[in-house]
Amino acid sequence: MQESRQHFSSRLGLLLSVLGIAVGTGNIWRFPRIAAQNGGDLGAGAFLLVWVVFLFLWSVPLIVAEYALGQKGRMGVIGTFARVGGRSMAWLGAFVALVSTAIMCYYAVVTGWCLYYAGGLLLRPLPSSTEAAQQFWDGFQGSLWPVVFQALALGLAVAVIWTGVRAIERANRFLIPSLLVILLVALVRALTLEGAFEGVRYLFTPQWSDLARPRLWLEALTQNAWDTGAGWGLILTYAAYMRREHGVVQNAFLTGVGNNTVSLLAALTIFGTVFAVLGAELSRAEVLEVMRTSGPASTGLTFIWLPQLFAKMPMGRVLAVLFFVGLTFAAFSSLIAMVELSTRVLMDLGVRRSRALVGVGVVAWLLGLPSALNLTVFGNQDFVWGVALMLSGAFVALAVMRYGPARLRAETIAVNAWDWQLGRGWDVLMRWVVPLEAVVLLGWWLYQAGVVYAPERWYDPFVPYSVMTCLVQWGVALVACYLLNDWLVRRMQLPIPVQTEE
């Protein structure tokens, strides 16, 4: 009960902590590559435009919902779903929590990679060629270092948040400002390179004909779904610790816009660096091909190309180390939120915080071992549970629908006169638009799996990117959560009335 009474000490601490959720490797690692892949011959400005549109049609509405649900439920994801939606919805909250927990298991591996590279590039010469960069990566992956650094990342996350929400707040008060300073330093250095503004120009130049490509819209929506943390249940978990006077709507907009600003800073840095270093010796098409190449488990641009590009510029080592330190901070701030989500769920079920944290850390390390040891397993888990986030977003919308968007808005969103007020537009977004987007996205990625990734063996659950590997793993998780529904409600010992919309 003492833990449940903890709160963020200030609105700034809350915002920095939630930004720690939103800002992760999806901003720095994934976004520049996706922008390049969806840009035309003239530029990627059309993709940026659609990406911003979906910020306000997917991410911000869901972030508002998670803030409001967290304030209303004052518990972790499962308890909040049960309190708000009724006893029969506890299993849907369990699935949302399970998806974020599954992501945590392999996300700790990524955090370990970032830690290793930040230290490794500080202690040894930067790779001067693609072959050298590949050898550095292969040597790392062929050793036990990924397992060691996975354990280190989880151990640090557990230690940092041991005492509760105030520790989370203190950590993010350091991590997020430090990350922003690092990104700004890296950006200034990148933009002083000759030819860097060719990359900037490409990033912001719209090729309007690209708007006719359905894939661009789907990729822009996907990027928003993956890099803001909306619908993961993480913001809901932190919102359980926020004070009512901190408000909802302004915080949600600041979270979404702040997240996308970091993505743009990272893209400017990487586009500027790649165009400046490679532009003198390669054509624009060849430069873009480098940026679009994903490599094993989508590691090509970040872990193969960027280290050798930094080696070709003045002060390259400093910039390389800063870049990977910043990437580590981004990954770590998201990882501690995932650990806190799982811990809070166990606490709601009656487990003491210290035991819950140790248990989460040990289980996450064990379940993440296959991903640490095998990139194919890592890629499979990233695909399966990354796509499952679409289901999570739909379930969050369903919880809002079950309680009633207008009712939730009146009871938790409209209570602060100083905060921005939402109208019925948010109700429409949560009732119709967000669920439709989730269905379209889910269908898109399953279509990709069946037609592009594994067209000949789409029915084989052991093929890493097949339709069936998703359906089987999701099916097992959904059935298990459904069967545990009544047990979960009893363990929480809450008299939870079923809520229906008036």
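Predicted model: local features only at pLDDT ≥ 70, side-chain atom pairs only at ≥ 80, totals over all residues.

Guide: Helix H3 covers residues 45-73, and helix H12 covers residues 249-278. Their axes come within 8 Å and cross at roughly 140°. Angles over 145 degrees count as roughly antiparallel, so H3 is oblique to H12.

Now the side of H3. Leu48, Trp51, Leu55, Phe56, Val60, Ile63, Val64 and Tyr67 make the contact. From H12 come Asn251, Ala252, Phe253, Thr255, Gly256, Val257, Asn260, Ser263 and Leu264. By class, this contact has twelve nonpolar and five polar residues. No charged residue takes part in the contact of H3 with H12.

Next, another pair. Helix H17 (residues 375-403) packs on helix H18 (residues 405-413) at an angle of about 85°. Their axes lie 6 Å apart. H17 and H18 are therefore roughly perpendicular. Val400, Met401 and Tyr403 of H17 meet Pro405, Arg407, Leu408 and Glu411 of H18. Five of these residues are nonpolar, two are charged and none is polar.

Last, a single residue. Thr25 sits in helix H2, which spans residues 25-37. Its relative accessible area is 9%; the cut-off for buried is under 20%, so Thr25 is buried. Beyond its neighbours within four places in sequence, Thr25 is in contact with Arg30, Tyr107, Val110, Leu327 and Ala331.

Note on methods: Residues numbered from 1 in each chain as written. Heavy atoms only, no water. Axes fitted to C-alpha atoms, helices over the stretch in contact; angles between N-to-C directions. Helix = DSSP H or I, 4+ residues; strand = E, 2+ residues; numbered from the N terminus. Parallel < 35°, antiparallel > 145°, perpendicular 65-115°, else oblique. Contact = heavy atoms within 4.5 Å. Nonpolar A, V, L, I, M, F, W, Y, C, P; charged D, E, K, R; others polar. Buried < 20%, exposed > 50% of the residue type's maximum accessible area, 1.4 Å probe, protein only.
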